[in-house]
Amino acid sequence: MNAAVSTVLLVDDDPATLKHFRRILEREPALRVATAGNAVEGLARAREIHPDLIVSDYQMPEMDGFEFCRRVKTDAELAGSLFVLLSG
């Protein structure tokens, strides 16, 4: 039996933070990890890959994490994605 694979989208404008979280999560074989460098890119990437979970920074340029979450949750195709908002 094959284990289910879940897709996680990490969104943060700090490349070091993205690298750190990606390195940790990729140790889990049941996770497929994608990244985006800001919320605008994250929204486009989410629409492309339909992640099971989005982990996003709160404070980002152009669109903050709350607005990003609101847009994800009002998009019918993404509304079922779990969303975690992080703050430094």
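Visitor: Where is the place of His-50?

Guide: His-50 is in the loop between α2 and β3. Keep in mind that this model is predicted.

Visitor: Why is His-50 called partly exposed?

Guide: Its relative accessible area is 36%. Buried means under 20%, and exposed means over 50%. The value of 36% falls in between, so His-50 is partly exposed.

Visitor: Which phi does Glu-62 have?

Guide: A positive one, about 70 degrees, and Glu-62 is not a glycine. Glu-62 lies in the loop between β3 and α3.

Visitor: How many aromatic pairs does the structure hold?

Guide: Two.

Visitor: Why is the pair of Tyr-58 and Phe-66 called edge-to-face?

Guide: There are two tests. Ring centres must lie within 6.5 Å to pair, and planes over 60 degrees apart count as edge-to-face. Here the centres are 5.0 Å apart and the planes stand at 70 degrees, so both tests are passed.

Visitor: How accessible are the two partners, Tyr-58 and Phe-66?

Guide: Tyr-58 is partly exposed, at 31%. Phe-66 has 52% relative accessibility, and the limit for exposed is over 50%, so Phe-66 counts as exposed.

Visitor: What makes Phe-68 and Phe-83 a pair?

Guide: Their ring centres are 5.3 Å apart, and the limit is 6.5 Å, so they pair. Their planes are at 70 degrees, so this pair is edge-to-face.

Visitor: Which parts does the pair of Phe-68 and Phe-83 tie together?

Guide: Phe-68 is in helix α3, residues 65-73, and Phe-83 is in strand β4, residues 82-86. The pair therefore ties together parts that are 15 residues apart in sequence.

Visitor: Why are Phe-68 and Phe-83 called buried?

Guide: The limit is under 20%. Phe-68 has 0% relative accessibility, and Phe-83 has a relative accessible area of 17%. Both values are under the limit, so both residues count as buried.

Visitor: How many cavities of 30 Å³ or more does the count give?

Guide: One. The largest cavity has a volume of about 40 Å³. Among the residues lining it are Leu-10, Thr-17, Phe-21 and Asp-57. The elements giving two or more residues to this lining are β1, α1 and β3.

Visitor: Of which classes are the residues in the lining of the largest cavity?

Guide: Six are nonpolar, two polar and two charged.

Visitor: How far apart are Thr-17 and Asp-57?

Guide: They are 40 residues apart in sequence and 9.5 Å apart in space, C-alpha to C-alpha. Thr-17 is found in helix α1. Its relative accessible area is 23%, between the limits of 20% and 50%, so Thr-17 is partly exposed.

Note on methods. Residues numbered from 1 in each chain as written. Predicted model: local features only at pLDDT ≥ 70, side-chain atom pairs only at ≥ 80, totals over all residues. Heavy atoms only, no water. 1 Å grid on protein atoms, 1.4 Å probe; cavity = no way out; pocket = protein on both sides within 12 Å on 5 of 7 lines; lining within 4 Å. Points joined across faces, edges and corners; volume = space filled by probe spheres on them. Helix = DSSP H or I, 4+ residues; strand = E, 2+ residues; numbered from the N terminus. Nonpolar A, V, L, I, M, F, W, Y, C, P; charged D, E, K, R; others polar. Phe/Tyr/Trp six-rings, centres within 6.5 Å; stacked < 30°, edge-to-face > 60°. Buried < 20%, exposed > 50% of the residue type's maximum accessible area, 1.4 Å probe, protein only.
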